[in-house]
Number of protein chains: 2
Amino acid sequence: MILFQNVTIIGVGLIGGSLAKALKAKGLAGTIAGTGRRRESLEEALRLGVIDRIGQGKAYGVEDADLVVLASPVGTFERIMREIAPHLKKGCIITDVGSVKGKLIAVVEGALPAGRHYVPAHPIAGREKSGVAEASENLFRDRRCILTPTERTDDRALETVRDMWSLTGAIVSVMDADLHDRVFAAVSHLPHVAAFAMMCAVAELNTGSEDYLAYSGAGFRDFTRIAASSPEMWKDICLMNRDNLIPMIDRYLFSLNRFKHEIIAGDEKRLEKHLQLSSDERRGME
Amino acid sequence: MILFQNVTIIGVGLIGGSLAKALKAKGLAGTIAGTGRRRESLEEALRLGVIDRIGQGKAYGVEDADLVVLASPVGTFERIMREIAPHLKKGCIITDVGSVKGKLIAVVEGALPAGRHYVPAHPIAGREKSGVAEASENLFRDRRCILTPTERTDDRALETVRDMWSLTGAIVSVMDADLHDRVFAAVSHLPHVAAFAMMCAVAELNTGSEDYLAYSGAGFRDFTRIAASSPEMWKDICLMNRDNLIPMIDRYLFSLNRFKHEIIAGDEKRLEKHLQLSSDERRGME
């Protein structure tokens, strides 16, 4: 079942490339054009058969697109929307895969011409690996995909995007954009910052001849896996969701300082109480 | 090849139980007695065939032991050594599996009668799971095991314990106890505190009807996996290695605060620089 005759994906990396592959595997798209800043990466996508052609020129080849997917780092959306807006055809659906929604929606809707429909989306399928070579048609299967429609969102466009994600195997839900940004500040953006900060702290130890990392066990590796994620992508997410992220970092700093002072004071009772809370909560997640 | 006729393991959990299973599988022990505080757990170990008998009485059945393995939380070693020291037979080897070495060595050596030999050891094979039901004879295979002998350590006892760990499949190395405690404060104890603090921070959000954790992806799950570890065990490790752990927590707080202030200031250049450092270091670990 073809949902979209012509699809243009802007940013053919892990997520954009996986969506292209899933659309092809399920026969949901006629042709898929890919575009982005790095020519080599687009040529790789073409060679791998992930996309059918490279979108050329100022308008990135969106002129005939029935669906445009913004899958580049969220900090690039404003510029891209400015560039493509005049070229979007009437009835075209624009969606995205950004990890931040509130401010991003303002940016995209602010640049959207009448008669073109934006459906904000966030598939929860990121990994520490990036790039089109890692793309998989099964990346979204049984993973959540959150849609955050606004008052302006067209109902039919929303249903079409919902169908698309459901057909890739994702579990689709609808959520308020502000709530989305608070939740993901807590369960995604904060842990990324914490993992990045951990790698920096250990890397900056300057231990001379001793390679501390050689002694790291599975715990450290699991803990820091997400620190290998794309710096550019995460710079954008941190800055765009800073209003929600900074209060979460403060909560985390509070929690860390509390452990620190319980350890300094040798306060076994309170220390064990907080370790127990943490352990119970984590075991409850399985 | 029998290395020890009679072995007593004090604390038959994940590590103690796995060592018992490995000793049996390789035929390295005549009989294995297990002991500890929780009767049910010892009876489970007996039922599972992990140990041959439960060490009884005040001396935990160490009287005939050729090898005694301290595998209980490190905070219990002082009391246990006081209780068993008078009953250790001449020539007996005492070893341990504690994640802290410096202060622990002082405790054990301080209580050790002449003619009994202590070999401090730390197999790097912990997991967030605990208990004898999780024990596996292969837990140590291809994992590091670090021995931290002191001036008092008997050379032959050291070689015997080294042989034992090598025969379980571990990669054995020798390291200075103080360096061990600095390295593991950085690559193990700090990440555990950071994961515990993360779970507390998110658990204490009090989000009312919204279950934030339902939205957590693979990143959050990997990041917090070690927060499910045993609270009692980690309380002891944090307190016993606090002299090395507190400076590492401070380095981590510094690194987190730096990210926080770069995000608040919108300092894209410095933010991306530190994200890049982190990402490069983590990718370099694979």
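This is a predicted model: local features need pLDDT of at least 70, side-chain atom pairs count only at pLDDT 80 or more; totals for chains, interfaces and linings use all residues.
The crossing of helix 9 of chain A past helix 9 of chain B is left-handed.

Which residues meet there? From helix 9 of chain A come A:Arg242, A:Leu245, A:Ile246, A:Ile249, A:Leu253, A:Leu256, A:Lys260, A:Ile263 and A:Ile264. They meet B:Arg242, B:Leu245, B:Ile246, B:Ile249, B:Leu253, B:Leu256, B:Lys260, B:Ile263 and B:Ile264 in helix 9 of chain B. The residues of this helix 9 contact divide into 14 nonpolar, no polar and four charged.

Next, the sheets of chain A. Six strands of chain A form an open sheet. Their order is 3-2-1-4-5-6, and the pairing is parallel. Which strands stand at the edges? Strand 3 (53-54) and strand 6 (117-119) of chain A do. Each has a single partner strand, so one side of each is left without a neighbour in the sheet. Strand 3 of chain A pairs with strand 2 (residues 29-35) of chain A in the parallel sense, over two bridges. Within strand 3 of chain A, A:Ile54 stands opposite A:Gly34.

Another open sheet in chain A has three strands, in the order 7-8-9. Its pairing is mixed. Strand 7 (121-123) and strand 9 (171-174) of chain A stand at the edges. Each of these edge strands has a single partner strand, so one side of each lacks a neighbour in the sheet. Neighbouring strands of this sheet are turned by 20° against each other on average, direction ignored.

Strand 7 of chain A and strand 8 (residues 144-147) of chain A pair in the antiparallel sense over three bridges. A:Pro123 has A:Cys145 in strand 8 of chain A as its bridge partner. Helix 5 (residues 155-167) of chain A packs on this sheet. Helix 5 of chain A touches strand 7, strand 8 and strand 9 of chain A. The direction of helix 5 of chain A makes about 175° with that of strand 8 of chain A.

Turn to chain B for strands 7, 8 and 9. Strand 7 (residues 121-123) of chain B is joined to strand 8 of chain B by three bridges, and the two run antiparallel. Here B:Ala121 stands opposite B:Leu147 in strand 8 of chain B. B:Leu147 also has a bridge partner in strand 9 of chain B, B:Val174.

Strand 8 (residues 144-147) of chain B and strand 9 (residues 171-174) of chain B run parallel, joined by four bridges. B:Arg144 stands opposite B:Ile171 in strand 9 of chain B. How does the chain get from strand 8 of chain B to strand 9 of chain B? The chain crosses through helix 5 (residues 155-167) of chain B, and this β-α-β crossover is right-handed.

Last, a helix pair within chain A. Helix 3 (residues 77-84) and helix 4 (residues 102-111) of chain A have axes that come within 9 Å and cross at roughly 10°. Helix 3 of chain A and helix 4 of chain A are therefore roughly parallel to each other. Helix 3 of chain A passes helix 4 of chain A in a right-handed crossing. Helix 3 of chain A brings A:Phe77, A:Glu78, A:Met81 and A:Arg82 to the contact. Helix 4 of chain A brings A:Leu104, A:Val107, A:Val108 and A:Ala111. The residues of this contact of helix 3 with helix 4 of chain A divide into six nonpolar, no polar and two charged.

Notes
Residues are numbered from 1 along each chain as its sequence is written. Chains are lettered from A and ligands numbered from 1 in the order in which they are written. Axes are lines fitted to C-alpha atoms, for helices over the stretch in contact, and angles run from 0 to 180 degrees between N-to-C directions. Angles under 35 degrees count as roughly parallel, over 145 as roughly antiparallel, 65 to 115 as roughly perpendicular and the rest as oblique. A crossing is left-handed if the near helix is turned anticlockwise from the far one by less than a right angle, and right-handed if clockwise. Two residues are in contact if their C-beta atoms, placed from the backbone, lie within 7 Å. Ala, Val, Leu, Ile, Met, Phe, Trp, Tyr, Cys and Pro count as nonpolar, Asp, Glu, Lys and Arg as charged, and the others, Gly among them, as polar. Two strands pair if DSSP finds at least two bridges between them. A crossover is right-handed if, with the strands pointing away from the viewer, the path from the first strand over the helix to the second runs clockwise.
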